[in-house]
Amino acid sequence: MALILGIDTSNYTTSAALLDLKDGKIYQAKQLLPVKPGEAGLRQSDAVFHHTRQLPEQLEQLKPVLQNDTICAVGVSSRPRNLDGSYMPCFLTGLGMARGIALTQHLPLHITSHQIGHVLAALYSAGRLELRHRPFLAFHVSGGTTDSLYCAPDAAELLKITPCGTSLDLKAGQAIDRVGLMLGLQFPCGKALEQLAARCTEKVSVRPVIRGMDCCLSGLENQCRKLLENGTAKEMVAKFCLLTVAETVRAMTRAALQNYGDLPVIYAGGVMSNRLIRPIISRQIDCAFAEPDFACDNAAGVAVYAALREKGEDTPWLSSV
């Protein structure tokens with residue numbers, strides 16, 4: 001049985017994946033882009049450089065999977081979202097590699113967005129790929145997005161994504177990283193901030209700032225800085241930060257459900273892998289989350305996209321989900 005190759009070169013992670021059409025198993029290889037201590041990200045020129053160096057290494061890690069099977073199609077993300085003007089140079093690295101592989105090996109090439117890859121990775125890992133046949137709500141919460149999305153089946157794009165709500169200022173992942181750096185943690189700060197917050201046993205009260213289906217998070221950074229300057233323990237500051245993000249996404253979910261009706265909800269993006277945030281959001285909401293390895297930036301969802309485009313329902317695995 002043939003394999004589908006997926007490639008994603010986002011602003012933070014170099015990622016490649018192989019999807020086995022026989023059983024739907026996905027093999028991943030990914031590596032964070034290096035960020036200097038104390039810094040909160042990379043310039044696009046640096047991201048392109050590191051992707052160019054790291055992508056061949058990630059593909060080499062998948063070589064053992066190719067011993068008994070061959071690639072029948074290639075999928076790649078070429079932009080952050082399927083919206084006019086959505087562009088980020090780092091995706092050119094993956095797109096160029098994918099085009100080269102497809103051209104020289106005479107393979108079909110399927111191009112999508114990083115956001116659709118996130119949503120499909122969440123559906124895949126949560127065992128909810130059947131939702132692609134009906135409308136649902138998705139949340140993409142990461143360093144660059146805090147978005148609620150109305151998703152519906154679409155012949156041209158597979159999923160037609162309509163933005164519902166967003167952060168009007170700071171994104172959730174940005175807030176987490178800025179507070180983490182404030183506390184002396186290494187970027188990206190999510191996991192370390194979660195571990196720090198878990199050591200706080202005191203009750204913490206938070207109040208999200210919601211504007212319709214949108215939110216505001218810039219005040220969170222300022223509140224955390226003030227708490228720290230006033231001598232509040234780092235553990236409590238970390239907990240305050242994560243609880244605020246959790247209650248904010250929870251409030252955005254309620255607002256979206258009130259507007260669009262009782263739809264299934266799926267959560268994607270690196271912030272949604274946080275074990276403190278997930279149980280708060282899921283209170284009284286019928287929802288599912290991407291598994292942690294599929295929540296952060298990855299090429300798995302891009303491979304799923306290419307498989308659906310290439311084979312439709314015409315495999316034992318895809319026809320069963």
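Strands here are DSSP runs of E with at least two residues, numbered from the N terminus. I keep that in mind for Leu158, which sits in strand β8 (residues 158-165). The model I am reading is predicted.

I looked up Leu158 in β8. Its phi is near 75 degrees, a positive value in a residue other than glycine. Is Leu158 buried or exposed? Leu158 has 15% relative accessibility, so I log it as buried, the cut-off being under 20%.

I then went to His106, in the loop between α2 and β5. Phi of His106 is near 60 degrees, again positive in a residue other than glycine. His106 has 73% relative accessibility and therefore counts as exposed, since exposed means over 50%.

Next I checked a proline. The peptide bond from Phe187 to Pro188 is cis, and omega is near -10 degrees. I place Pro188 in the loop between α4 and α5.

I turned to the largest pocket. Its volume is about 1,200 Å³. Which residues come closest to the centre? Of 44 lining residues, the closest are Tyr12, Gly143, Pro188, Gly270 and Cys296.

Helix α4 gives the most, with five residues. By class I have 17 nonpolar, 18 polar and nine charged residues in the lining.

I moved on to the second largest pocket, at about 170 Å³. I wrote down its lining: Leu5, Leu18, Leu59, Leu62, Leu66, Thr70, Ile71, Ile101, Gln105 and Leu107. That makes eight nonpolar, two polar and no charged residues.

**Entry: helix pairs**

Two packed helices are described by the angle between their axes and by the distance between those axes. I took α4 and helix α7 (residues 234-260) to start. Their axes come within 10 Å and cross at roughly 175 degrees. This angle is over 145, so α4 is roughly antiparallel to α7. Ala172, Ala175, Ile176 and Val179 of α4 meet Val237, Cys241, Leu242 and Val245 of α7. I count eight nonpolar residues in that contact, no polar and no charged.

I then took helix α1 (residues 44-61) with helix α2 (residues 91-105). Here the axes come within 9 Å and cross at roughly 40 degrees. How are α1 and α2 set to each other? They are oblique, because only angles under 35 degrees count as roughly parallel. From α1, Val48, His51, Thr52, Leu55, Pro56 and Leu59 meet Thr93, Gly94, Met97 and Ile101 of α2. This contact holds six nonpolar, four polar and no charged residues. Leu59 and Ile101 take part in it, and I see both in the lining of the second largest pocket.

Ser113 lies in the loop between β5 (109-112) and α3. At 1% relative accessibility, Ser113 is buried. Beyond its neighbours within four places in sequence, Ser113 contacts Ser77, Arg79, Pro80, Arg81 and Asn82.

Gln115 lies in helix α3. I log Gln115 as buried too, at 5% relative accessibility. Which residues does Gln115 touch beyond four places in sequence? They are Pro80, Arg81, His140, Asp147, Leu149 and Ile161. Asn82 is 33 residues from Gln115 in sequence, and the two are 7.9 Å apart in space, C-alpha to C-alpha.

How values were computed: Residues numbered from 1 in each chain as written. Predicted model: local features only at pLDDT ≥ 70, side-chain atom pairs only at ≥ 80, totals over all residues. Heavy atoms only, no water. 1 Å grid on protein atoms, 1.4 Å probe; cavity = no way out; pocket = protein on both sides within 12 Å on 5 of 7 lines; lining within 4 Å. Points joined across faces, edges and corners; volume = space filled by probe spheres on them. Helix = DSSP H or I, 4+ residues; strand = E, 2+ residues; numbered from the N terminus. Nonpolar A, V, L, I, M, F, W, Y, C, P; charged D, E, K, R; others polar. Axes fitted to C-alpha atoms, helices over the stretch in contact; angles between N-to-C directions. Parallel < 35°, antiparallel > 145°, perpendicular 65-115°, else oblique. Contact = heavy atoms within 4.5 Å. Buried < 20%, exposed > 50% of the residue type's maximum accessible area, 1.4 Å probe, protein only.
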